[in-house]
Amino acid sequence: MRLHGKVALVTGGSHGIGQAIALNYAREGAKVAICGRGQAALDETVGIIRESGGAAVSYTVDVCDKQQVDDMVERLLAEWGAIDILVNNAGICDPAPFLDITESDWDRHMAINLKGTFLASQSVARAMVARGTKGSIIHMSSVNGLAAESDQVHYNATKAAMISMGMSMALELAPHGIRVNSLCPGFIETRLTQPLIQNGPAIAQYLKTIPMNRVGQPDEIATAAIFLASDDSRYMTGQSLVIDGGQLIKLS
Ligand SMILES: NC(=O)c1ccc[n+]([C@@H]2O[C@H](COP(=O)([O-])OP(=O)(O)OC[C@H]3O[C@@H](n4cnc5c(N)ncnc54)[C@H](O)[C@@H]3O)[C@@H](O)[C@H]2O)c1
């Protein structure tokens, strides 16, 4: 068990990639806290972990709200005494052509994907520093933070900024023994990607951009999240790990 005795907080841990990370962390021995906005989905994920003998708690939190994030961190510290791992996974992606993106589309992506990552990171990092916790913080970026995709200018900008934020945080937190890295998944099968997966001709065309010729599964991101959270990556900080079936290496 690579995370035995650790406490992990996974934002957006009730669906898709975040849920897979929460379940895999629990299997590796971590006590897992998840947050999101829908109580039913949070309860379901907590139930799965507890039924298999793990420890889990959940918080209904909007990651854009500083007060809610700070309260969650305080309650979690009161519950389990420390936070060793933070995964900034909560995110949205509502594609729209650049010329049609509204100010409110832009603000919502910045608020959830970017400000949410900042708020949770700062709150947890302060607690880690105060307690001397040699923690690991992981940002869920994307291949879209490293290369451009049409109709996603707002989303791409948040994912690139998360990588930059990760490097800058890594620099300041290294003296405290806290590591910060980003994960850059390619196309992963979740409810976020269902519209494209359900569109036969479109997904057939899309798969041509992926050398491994298939979409990825949430568990295939969770295994990398275990690596970044564990001592296996103890000399690694400020980096971005791409998991995309080879999509980014392909020129044509
Ligand atoms: N699915 C992919 O192909 C893919 C690829 C690269 C990166 N990502 C990133 O992975 C992360 C998870 O995506 P997913 O595909 O699992 O999507 P998903 O929609 O299944 O999960 C998103 C999670 O974020 C939570 N969330 C959204 N807004 C929130 C808010 N304001 N406060 C708290 N929680 C909030 C949701 O409740 C949900 O649990 C996102 O950051 C996404 O950008 C996904």
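Which residues line the largest cavity? This is a predicted model, and two spaces in it are worth a visit.

Begin inside. A search of the whole structure turns up 1 cavity of 30 Å³ or more. Its volume is about 30 Å³. The residues that line this largest cavity are Thr11, Val63, Asn88, Ala90, Ile112, Gly116, Thr117 and Ala120. Find helix 4, which covers residues 103-131. This helix supplies 4 residues, the largest share of the lining. The cavity lining holds 4 nonpolar and 4 polar residues.

Next, turn to the second largest pocket. About 210 Å³ of space lies in this pocket. Its lining includes Phe118, Ser121, Gln122, Ala125, Arg126 and Val129. Ser168, Met169, Glu172 and Leu173 also line the second largest pocket. Two helices to trace here are helix 4 and helix 5, the latter spanning 153-173. Each of them supplies at least two residues of the pocket lining. Helix 4 gives the most, with 6 residues.

The pocket lining has its own make-up. By class, 5 of its residues are nonpolar and 3 are polar. Another 2 are charged.

Keep helix 4 in view when going back over both sites. Helix 4 provides the largest share of the lining of the largest cavity. Helix 4 also gives the most to the lining of the second largest pocket.

Notes:
Residues numbered from 1 in each chain as written. Predicted model: local features only at pLDDT ≥ 70, side-chain atom pairs only at ≥ 80, totals over all residues. Heavy atoms only, no water. 1 Å grid on protein atoms, 1.4 Å probe; cavity = no way out; pocket = protein on both sides within 12 Å on 5 of 7 lines; lining within 4 Å. Points joined across faces, edges and corners; volume = space filled by probe spheres on them. Nonpolar A, V, L, I, M, F, W, Y, C, P; charged D, E, K, R; others polar.
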